[in-house]
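Here is a short report on a protein model, written for reading beside the sequence and the coordinates. Keep both open as you go.

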Amino acid sequence: MGWAIALHGGAGDIPHSLPPERRLPREACLRHCLQIGVDALTSRKSPLDVVELVVRELENNPHFNAGRGSVLTTSGTVEMEACIMDGKSMRCGAVSGLTTVVNAISLSRLVMEKTPHIYLGFKGAEAFAREQGIETVDASHFITQENVERLKQAKEANRVQVDYTQPVEKDVKRDELKPDGDSQIGTVGCVAVDSEGNLAAATSTGGLVNKMVGRIGDTPIIGAGTYANSLCAVSATGKGEAIIRGTVARDVAALMEFKGMSLQEAAALVVGDRVPKGHVGLVAVSATGEVTMPFNTTGMFRACATEDGHSEIAIWDS
Amino acid sequence: MGRGWAIVIHGGAGVDPNLPLHHQEEAKKLISRCLSIGVSALRCSLPAIDVVELVVRELESDPLFNSGRGSALTEKGTVEMEASIMDGPGRRCGAVSGLTTVKNPISLARLVMEKSPHSYLAFAGAEEFARRQGVEMVENEYFITELNKGMLKLAQEANSILFDYRVPNTGSETCGASMEKPLIMNGLPISVYAPETVGCVAVDSQGQCAAATSTGGLMNKMTGRIGDSPLIGSGTYAGNLCGVSCTGEGEAIIRGTLARDVAAVMEYKGLGLQEAVDFVVKERLDNGGKAGIIAVSRDGEVACGFNCTGMFRGLATEDGFLEVAIWD
């Protein structure tokens with residue numbers, strides 16, 4: 001027993017050759033966010049508050065694909081989505097298609113607390129944000145030069161693919177293109193448990209580079225990208241479509257509930273069996289303070305800490 | 001090879017016990033008609049995924065239930081429809097939300113599954129995809145019925161969210177009476193109202209399962225509200241073992257990941273189909289949440305379960321079982 005926290009900044013084909021100027025700021029951000037989370041937990045903030053706080057920090061950091069730094073749609077715009085869930089009450093909130101809300105995760109919390117609904121999307125969600133007086137900015141705030149470049153590369157790669165006529169090339173799906181390999185399919189997330197066993201999970205993302213306008217991924221879908229109940233809290237990242245199909249976050253909890261597996265066994269089975277290799281990573285904590293951070297991709301930006309003093313910041317397999 | 005085809009259809013759970021008889025008859029007639037369309041298609045060896053799409057299209061096109069034409073209205077008096085479809089083999093899936101001009105949302109969900117790199121498209125982007133795919137589009141007016149305009153007026157006068165076929169009622173003999181801490185909407189527990197989504201699950205003679213769900217959502221809902229119907233694992237799920245479609249209080253269904261859980265308890269606890277449905281209705285709906293579930297297994301079994309006053313439903317199997325019912 002004891003508190004525990006884990007967070008991620010996306011799983012994917014992160015090359016081992018990732019240059020220091022791209023690696024170090026991300027590691028620094030993970031360390032900073034972990035510290036904020038640990039401080040909040042030790043000052044007895046509720047896990048729900050902790051995961052929101054940490055994900056806000058991750059959203060505000062342009063190095064990860066959420067909030068500022070979100071990747072761009074095929075039209076060059078940003079459409080952000082997020083989801084939050086409280087383990088004990090199983091209350092949850094989700095948002096999609098945000099274009100001006102600074103912290104998508106906080107709007108999802110407001111959907112959970114201030115509406116009779118769980119999930120608001122697009123214009124209706126933006127209107128709700130204004131009604132609630134949450135901070136909004138011009139959509140251009142979220143767009144970084146790096147992501148403009150990424151979109152350009154993705155589009156060029158797509159054009160090349162269309163130009164090729166070989167059947168093999170036709171099989172290349174648009175979402176499998178990874179022009180520069182790092183954080184293409186990134187998402188941020190945080191899970192936390194306090195020493196009383198209260199759990200919460202939160203996930204936030206800008207989605208997929210060059211995604212179609214209106215595309216919804218796994219992040220805002222309860223049971224896919226995000227889930228928490230009285231046993232565990234889970235935040236997943238990777239190829240959204242595969243995570244939706246695998247109901248990844250719920251299945252970790254379901255295996256614990258229905259098969260009596262430990263957190264680690266359940267998470268390992270889901271990452272190993274429910275989703276094809278190269279598609280998923282997740283962070284999870286259990287009510288008893290266990291942590292696990294498995295992935296079947298090349299790497300996952302991740303960090304965790306537990307009350308008994310274990311702490312870790314990592315990208316690839318150790 | 002499977003052990004025979006089977007199909008189940010629903011037109012929503014949580015039926016007003018005082019629903020006039022002629023409405024009940026109309027609903028049964030529609031379900032019978034759609035059921036026989038599905039049965040004929042299965043007899044002609046159409047794959048399950050085609051059958052569920054075909055049947056849900058029929059349900060959408062008829063104004064009776066809350067999907068397609070006849071959808072519930074948003075607080076602004078518009079229609080915003082959503083749907084999802086899932087194919088058991090390979091667990092392929094497609095979903096749509098926030099549609100305003102697409103005549104058959106379920107068919108657009110199918111196109112998202114087959115013609116886009118994504119699983120889920122919503123609002124303006126989904127509409128744009130629909131135009132590019134050349135699916136049938138109509139004015140938003142087409143979906144709006146006089147009956148629903150009246151219902152919206154009623155809901156707005158009560159300043160509340162209203163599901164189809166239900167009028168605000170503060171009496172204790174309602175679905176929401178058992179809630180310990182009911183979510184109060186302007187003085188009324190939200191669960192006194194019941195929704196009316198449509199859905200179909202089928203297994204073909206090859207033993208392949210599929211599921212489809214379509215809805216207009218809640219009466220007087222906020223624009224932008226997304227419910228359980230388009231969410232894979234909540235309103236809709238299909239895998240190798242079974243196909244599942246849910247209806248009821250969307251928010252309770254989402255929290256309970258009901259559709260996935262029917263499959264999960266079969267997979268992880270070894271329960272049979274009906275046992276799985278009963279387990280999920282009993283154990284996975286929190287705070288007195290009300291819902292109904294229909295399901296088929298790859299072995300050609302059918303099952304349904306609900307914990308509210310009734311569910312519009314029709315069931316048929318290859319070995320001759322046929323039932324169209326509303327109440328317990």
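## Helix 7 of chain B

Helix 7 of chain B covers residues 258-269, 12 residues in total. At 1.5 Å a residue it should span 16 Å, and its end C-alpha atoms are 15 Å apart, which agrees. The expected span is 1.5 Å times one less than the number of residues. Helices here are DSSP runs of H or I with at least four residues, strands are runs of E with at least two, and both are numbered from the N terminus.

Of the 12 residues in helix 7 of chain B, 10 are buried, so the helix is largely enclosed by the rest of the structure. Buried means under 20% relative accessible area, exposed means over 50%, and partly exposed lies in between (1.4 Å probe, protein chains only). Among the buried residues are Leu258(B), Arg260(B), Asp261(B), Met266(B) and Tyr268(B). Just after the helix, Gly270(B) takes a positive phi of about 70 degrees.

## Basis of the model

This is a predicted model: local features need pLDDT of at least 70, side-chain atom pairs count only at pLDDT 80 or more, and totals for chains, interfaces and linings use all residues. Residues are numbered from 1 along each chain as its sequence is written, chains are lettered from A and ligands numbered from 1 in the order in which they are written, and side-chain values use heavy atoms, with hydrogens and water left out.

## Helix 5 of chain B

Helix 5 of chain B also has 12 residues, 146-157. From its first C-alpha to its last it reaches 17 Å, close to the expected 16 Å. Its buried residues are Asn148(B), Met151(B), Leu152(B) and Ala155(B). Seen down the helix axis, the buried residues fall within an arc of 100 degrees, so they line one face of helix 5. The arc is that of the directions from the helix axis to the C-beta atoms.

An α-helix has 3.6 residues a turn, so residues three or four places apart point the same way. On the other side of helix 5 of chain B, Glu146(B), Lys153(B) and Glu157(B) are exposed.

## Chain B overall

Chain B has 8 helices and 15 strands. Of its 328 residues, 66% count as buried. Contact means heavy atoms within 4.5 Å. Among contacts in chain B with a separation of 6 or more, 69% join residues 24 or more positions apart.

Ser45(B) sits in the loop between helix 1 (21-43) and helix 2 (48-61) of chain B. Its phi is near 65 degrees, a positive value in a residue other than glycine. Ser45(B) is exposed, with a relative accessible area of 55%.

## Nonpolar cores

A nonpolar core is a set of buried Ala, Val, Leu, Ile, Met, Phe, Trp, Tyr and Cys residues joined through side-chain atoms within 4.5 Å. The largest has 104 residues, and Val252(A), Leu282(A) and Ile293(B) have the most contacts inside it. A second, separate core of 58 residues includes Val51(B), Ile106(B), Val135(B) and Cys200(B).

Beyond its neighbours within four places in sequence, Val252(A) is in contact with residues including Cys232(A), Val234(A), Leu263(A) and Leu282(A).

## The interface

In this pair, 41 residues of chain A are in contact with 47 residues of chain B. The chains bury about 3,700 Å² between them, 65% of it on carbon and sulfur atoms. Met212(A), Arg245(A) and Phe258(A) supply 19% of the area that chain A buries against chain B, more than any other three residues. Buried area is the accessible area (1.4 Å probe) that two parts lose on being put together, summed over both.

## Annotated sites in chain A

Which residue does the UniProt "active site" annotation cover? The unreviewed entry gives Thr187(A). UniProt positions follow the numbering used here, feature names are shortened, and annotations may be inferred rather than shown by experiment. Thr187(A) lies in the loop between helix 6 (167-170) and strand 5 (188-193) of chain A. It is buried, at 4% relative accessible area. Leaving aside neighbours within four places in sequence, its contacts include His8(A), Asn65(A), Ser204(A) and Thr237(A).

Thr237(A) is itself among the residues under the "binding site" annotation of the unreviewed UniProt entry, which also covers Arg215(A), Asp218(A) and Lys239(A). Thr237(A) lies in strand 8 (residues 232-238) of chain A. At 0% relative accessibility, Thr237(A) counts as buried.
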